[in-house]
Amino acid sequence: MADTRFFSTPKALSLAQIARVAGAELASVADGDYLVEDVAALDVAGERHLSFLDNPKYRDQFTASKAGACIVHPDIAEHAPSGVRLLLSKSPYKSYALAAQAFYPEERPSPSISKSAVVHSEAKIGQNVHIADFVTIGAGVEIGDGVWIESHAAIGGGVVLGEGVRIGNHATISHAVIGKHTRIYPGVRIGQDGFGFAIDPSGFVKVPQLGRVVIGDHVEIGANTTIDRGASGDTVIGSGTWIDNLVQIGHNVKIGRGCILVSQVGVAGSSELGDFVVLAGQVGVAGHLKIGSMAKVAAQSGVTKNIPPKEEWMGYPAMPMKRYLRQSVMLNKMVDKKRNEN
Amino acid sequence: MADTRFFSTPKALSLAQIARVAGAELASVADGDYLVEDVAALDVAGERHLSFLDNPKYRDQFTASKAGACIVHPDIAEHAPSGVRLLLSKSPYKSYALAAQAFYPEERPSPSISKSAVVHSEAKIGQNVHIADFVTIGAGVEIGDGVWIESHAAIGGGVVLGEGVRIGNHATISHAVIGKHTRIYPGVRIGQDGFGFAIDPSGFVKVPQLGRVVIGDHVEIGANTTIDRGASGDTVIGSGTWIDNLVQIGHNVKIGRGCILVSQVGVAGSSELGDFVVLAGQVGVAGHLKIGSMAKVAAQSGVTKNIPPKEEWMGYPAMPMKRYLRQSVMLNKMVDKKRNEN
Amino acid sequence: MADTRFFSTPKALSLAQIARVAGAELASVADGDYLVEDVAALDVAGERHLSFLDNPKYRDQFTASKAGACIVHPDIAEHAPSGVRLLLSKSPYKSYALAAQAFYPEERPSPSISKSAVVHSEAKIGQNVHIADFVTIGAGVEIGDGVWIESHAAIGGGVVLGEGVRIGNHATISHAVIGKHTRIYPGVRIGQDGFGFAIDPSGFVKVPQLGRVVIGDHVEIGANTTIDRGASGDTVIGSGTWIDNLVQIGHNVKIGRGCILVSQVGVAGSSELGDFVVLAGQVGVAGHLKIGSMAKVAAQSGVTKNIPPKEEWMGYPAMPMKRYLRQSVMLNKMVDKKRNEN
């Protein structure tokens, strides 16, 4: 179904092959040889497509689907329309992701360094590296094997890019050490001076920003996101963390492993997030705070206090979600009462 | 009045000419031959300038203005200072826009392809195209007649740019089909992978993003805005929609015709906006929601539910505006009462 | 302590030298000859490091510090651990900033114009200018002495850059006049058309944007920030103002001297800020408002009314902070009461 202008046509796969890569189980072993040619959403999938149901919101689409095969949770199997071959998985979305990767493996350009790129003679370039047009690579840069740098990116002096890293178009990277298989999207700014100055009646005095940005392995950093380098010590992004578009990370922020920062989040200087923290869209975190591991903060919340591990917070200023919801219910009742009195 | 370093000096126009292009009516036909040389704001306009009054906030500036001519609503004509020639229009701002366009028509560079641009041999380039320095154009790109691509833009393989499209400096476009006369501002990121992954204890599993970004005609997309491509199916921006700077549009979002998305708005994945929807600045819309045609959402609101057509909503979380205002009034009264009690 | 891949090793300085540049006083004159080699944070500083204590939150780190010397407020001197040489200053953070600048003076590349840059023959280039790879400079641009333009920046026709200005990688500057020693960070967009159109049932009518962006001296503008040019008249940023990353400044906004706009702030068209105004992170200011000098607005607030000088406001919509806090306290008490009743 994917537009062939942008994606290669996938190779057909048998349901047995898919079950294997996707960590799913065939509801009927007899379906193992059935070939599917592509993945597709429930409402548009046809006989030779593989689809999936994860969000219960779309269950009506499932019962009406014409998909040849579908990945579902075992509990939902009984609601399947007749004729749909089922792959059972307790994590249908994860299984779909793995199946879709099998149909559409990441395509990397063949290794080469564009003639138009400007690569400093003192940069160390690994094996099988692709450097596209108009890229600049500064002195002392270290580029690992299999790195892919898209056009117009600027890699400042001394930067380290681990094996398999991909840097998007127009990204600016300086003062940074980036781990393996991390992906930086287009227009990201990493390593510039943080917002550091001493306030003085005669004009602000700039504080030299002497740290770095240290990013782990398998991190994703979304388009036009900005990550300032540490003022003293480093700004740190832990392995496996995913950061969406247009996010701001201030100087000396420490983010643990496996965190999710949704679009337009802002984390002010020196705040620390544990592991597996989730900040939903447009959340703001004030400076010098600690957010415990596995804590979750609802969209648009404004965090002004430390949040203990595993808690869910919400509001402006943010508070434990239960408290916030109680407050909302109370206000709603009061407004309704007031209205009835009038 | 415009700085001639940046704008060409306009040609003088008679008020009769202006009335025609601006869809306005001369209050006194005798003024038709009066020449004005430029447009200017009410407070700085002189004898040979055309000004306008639209926002009633600036009415004092109108009565004190020294402008040679002014576009106003017929109802306001009686408040005109003597000596100001009046052009009457029921849409003074629209009439001003049309008059200003007559003084300052868009200036496009002459057609040419910079020697420093890297254009793939398999790209199809239309007539009268301008491609500036350091632009990259990938394989299979289709560029319509009269397209203008500013310096440092990166147009990925297979992208389609309709007739008259203008792409700003440093923009990154991939996996996209863009309609006629649409304008993309500098630093925009279109078509990158959306924020799609399955959560798994052993690390997030990336979901291949197999859709596109499809943008209609006469769309404007502001500087540093990010629009992710669909995960399955497309992200769609309808014709005539205006999107401001630093806006985030998630994967599979569908936006109708003639919508207005003010700066720093974020729309999460798979949400759908009807036609002529207005989202004011910094609004956040959660994923998988529907906002009906002609609905309006006040600045900074956080939308967590579907909004029916034509309704005005506000708040965090967003609710119908009347309800929100009732709540505000109630809280204010309570605070005042409390204060008096103490 | 700074990573030598990114920073030059500083020269050792005596405490007497440091006291002089930092405007601080030696607690013991006998320490004047003591040499320190670098600056470092309290918790990692060693015998030959200079540290500082400003935020009382870190006082425990101070009493446990192994720093050779430390800048502190005179009132805190008595809490010093033995063996730490003290530099006394009533503004310890400012003194630290000045000392750190002495260890790490800004390093500028030697003057040169890259062969890969495209500089228009009618541009005026001052003395000691550095223009990096893939920069474009349009017709009539004026570049002052000592200007540094980093790679991939695009400077549009007619732009004026004052003495000592630094333009970051991938920045886009058009229709702008920029004062002395101002720094523009990577990915900033200055001078594009503002979000100006007249609403009309047959489609929006674009209003030509005929103004400029005028920026003062010693201004800092953070990464990926966007500043639209005036519609009629100019967008103005006063001298000494610091703007953080991902900020949006609408057309015709006027910002005074010495203001601080933290990350992700948005200021809508035609609003005016006096001098020394502070807008904390993610604040939104609606259009056509006035915020008085020295006013402060708390993070995430939504400003919908004029704010008098020196006032502190907060909330959504924003109100005087005292009123907002009273409201918060009241709500909290009510929720607690409700809970106890149940």
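## Ground rules

Because the model is predicted, local features need pLDDT of at least 70 and side-chain atom pairs count only at pLDDT 80 or more, while totals for chains, interfaces and linings use all residues. Residues are numbered from 1 along each chain as its sequence is written, and chains are lettered from A and ligands numbered from 1 in the order in which they are written.

Chain A has an open sheet of five strands with mixed pairing, in the order E2-E7-E6-E5-E4. Helices (H or I, at least four residues) and strands (E, at least two) are DSSP runs, numbered from the N terminus, and two strands pair if DSSP finds at least two bridges between them. At the edges stand strand E2 (25-26) and strand E4 (38-39) of chain A; each has a single partner strand, so one side of each is left without a neighbour in the sheet. Helix H1 (residues 15-22) of chain A packs on the sheet, where it touches E2, E5, E6 and strand E7 (85-88) of chain A. The direction of H1 makes about 20° with that of E7(A); axes are lines fitted to C-alpha atoms, for helices over the stretch in contact, and angles run from 0 to 180 degrees between N-to-C directions.

Strand E5 (residues 49-52) and strand E6 (residues 69-72) of chain A pair in the parallel sense, over three bridges. Within E6(A), Ala69(A) is the residue opposite Leu50(A). H3(A) lies across E4, E5, E6 and E7 of chain A and runs at about 140° to E6(A).

## The parallel sheet of chain C

Over in chain C, an open sheet of 10 strands shows parallel pairing, with the order E9-E12-E15-E18-E21-E26-E29-E32-E35-E38. Its edge strands are strand E9 (118-119) and strand E38 (302-303) of chain C, and each pairs on one side only. Strand E15 (residues 154-155) and strand E18 (residues 172-173) of chain C run parallel and are joined by two bridges. Thr172(C) in E18(C) is the bridge partner of Ala154(C).

## How the chains meet

The contact of chain A with chain B takes 48 residues from chain A and 43 residues from chain B; two residues are in contact if their C-beta atoms, placed from the backbone, lie within 7 Å. On the chain A side, helix H3 (92-103) and H4 are the elements that give two or more residues, and H3(A) gives the most, with six residues. By class, this side divides into 22 nonpolar, 18 polar and eight charged residues. Here Ala, Val, Leu, Ile, Met, Phe, Trp, Tyr, Cys and Pro count as nonpolar, Asp, Glu, Lys and Arg as charged, and the others, Gly among them, as polar.

## The crossing of the H4 helices

Helix H4 (residues 321-341) of chain A packs against helix H4 (residues 321-341) of chain B at an angle of about 90°, with the axes 10 Å apart. H4(A) and H4(B) are therefore roughly perpendicular to each other, a label for angles of 65 to 115 degrees (under 35 is roughly parallel, over 145 roughly antiparallel and the rest oblique). H4(A) brings Leu331(A), Met334(A), Val335(A), Lys338(A) and Arg339(A) to the contact, and H4(B) brings Arg323(B), Arg326(B), Gln327(B) and Met330(B). Together, the residues of this contact comprise four nonpolar, one polar and four charged.

## Symmetry

Chain B superposes on chain C by a rotation of 120° with 0.0 Å of shift along its axis (RMSD 0.0 Å). Only 17% of the interface residues of chain B are also interface residues in chain C, so the copies meet through different surfaces.

## Backbone details

Tyr316(B) and Pro317(B) are joined by a cis peptide bond, with omega about -5°. Pro317(B) sits in the loop between strand E39 (312-315) and strand E40 (318-320) of chain B. In chain C, the peptide bond from Tyr316(C) to Pro317(C) is cis, with omega near -5°.

His152(B), a residue other than glycine, has a positive phi near 65°. His152(B) is placed in the loop between strand E14 (148-149) and strand E15 (154-155) of chain B.

Terms used. Copies are superposed by least squares on the C-alpha atoms of residues with pLDDT of at least 70 in both.
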